[in-house]
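Dear colleague,

Please find the structure below. My notes on it follow.

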Amino acid sequence: MSEATQNPHPQPLSDEELAAAAAMTSTDPLADALADVANLKAQNADLADQYLRAQADVQNARRRADDEIAKARKFAVEGFADSLLPVLDSLEAGLAIPNVTLEQMREGSEATLRQLKSALERNKVLEIAPPAGTKFDPHHHQAISVVPAEQEANTVVSVLQKGYSIADRVLRPALVTVTAPK
């Protein structure tokens with residue numbers, strides 16, 4: 001066995017030994033420079049390949065995200081439409097009944113209205129119907145008229161038409177009459 005394999009911790013080389021080893025390995029500076037250039041070219045090609053792969057990954061991720069957004073837009077109302085189908089069925093069933101009485105028509109209309117309100121609530125469409133005396137909020141209410149009343153100024157007197165919001169965004173403000181300033 002050689003000394004290197006027998007001794008697991010070899011002694012560091014002296015400066016003279018290092019200089020001699022360097023002289024033996026680098027006899028031609030041109031060959032060393034060409035070897036460095038070849039090494040740099042290989043590194044450059046590797047980095048260029050990595051860059052192209054990263055670009056392709058980014059483009060694929062962007063394309064997948066665009067596809068998911070397109071699908072989300074295309075099917076966004078699917079849940080809402082699904083919750084409205086029972087309402088449609090109830091209306092069709094009510095219209096299919098021959099010789100319906102006024103009482104039956106009223107009961108069917110009330111049941112269908114409950115179904116519709118439930119479907120809207122499940123889809124986060126909420127009523128804006130402020131009770132009388134509520135402070136007027138221009139973000140949720142639209143004043144149609146101003147009337148004198150015993151209530152505090154700028155409060156709702158009555159609701160002429162309910163408003164609706166979805167996810168804290170007003171779809172339609174409630175149309176209200178408001179008390180006049182005193």
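Contact here means heavy atoms within 4.5 Å. The model is predicted. By that criterion, and leaving aside neighbours within four places in sequence, Ile128 is in contact with His140, His141, Lys162, Gly163, Tyr164, Ser165, Val170, Arg172 and Ala174.

In soluble globular proteins, nonpolar side chains tend to be buried together.

Strand 6 also holds Thr177. Buried means under 20% relative accessible area, so Thr177, at 8%, counts as buried. Its side chain makes a polar contact of 2.9 Å with the side chain of Ser158. Not counting residues up to four places away in sequence, Thr177 touches Ser145, Thr155, Val156, Val157, Ser158 and Leu160.

Most residues other than glycine have a negative phi. Lys124, in the loop between helix 5 (102-122) and strand 1 (125-128), has a phi near 65°. Asp168 has a phi near 65° too and sits in the loop between strand 4 (163-166) and strand 5 (169-172). Lys124 counts as exposed because its relative accessibility is 54%; Asp168 is likewise exposed, at 83%.

Last, helix 4 (residues 78-96). With 19 residues at 1.5 Å a residue, helix 4 should span 27 Å, and its end C-alpha atoms are 27 Å apart, which agrees. Helix 4 has a kink of about 30° at Leu84, shortly before the proline Pro86.

Regards

How values were computed
Residues numbered from 1 in each chain as written. Predicted model: local features only at pLDDT ≥ 70, side-chain atom pairs only at ≥ 80, totals over all residues. Heavy atoms only, no water. Helix = DSSP H or I, 4+ residues; strand = E, 2+ residues; numbered from the N terminus. Expected span 1.5 Å × (residues − 1). Bend = angle between axes of the 7 residues up to and from the residue. Buried < 20%, exposed > 50% of the residue type's maximum accessible area, 1.4 Å probe, protein only. Polar contact = N/O pair within 3.5 Å; in protein donor to acceptor, adjacent residues only side chain to side chain.
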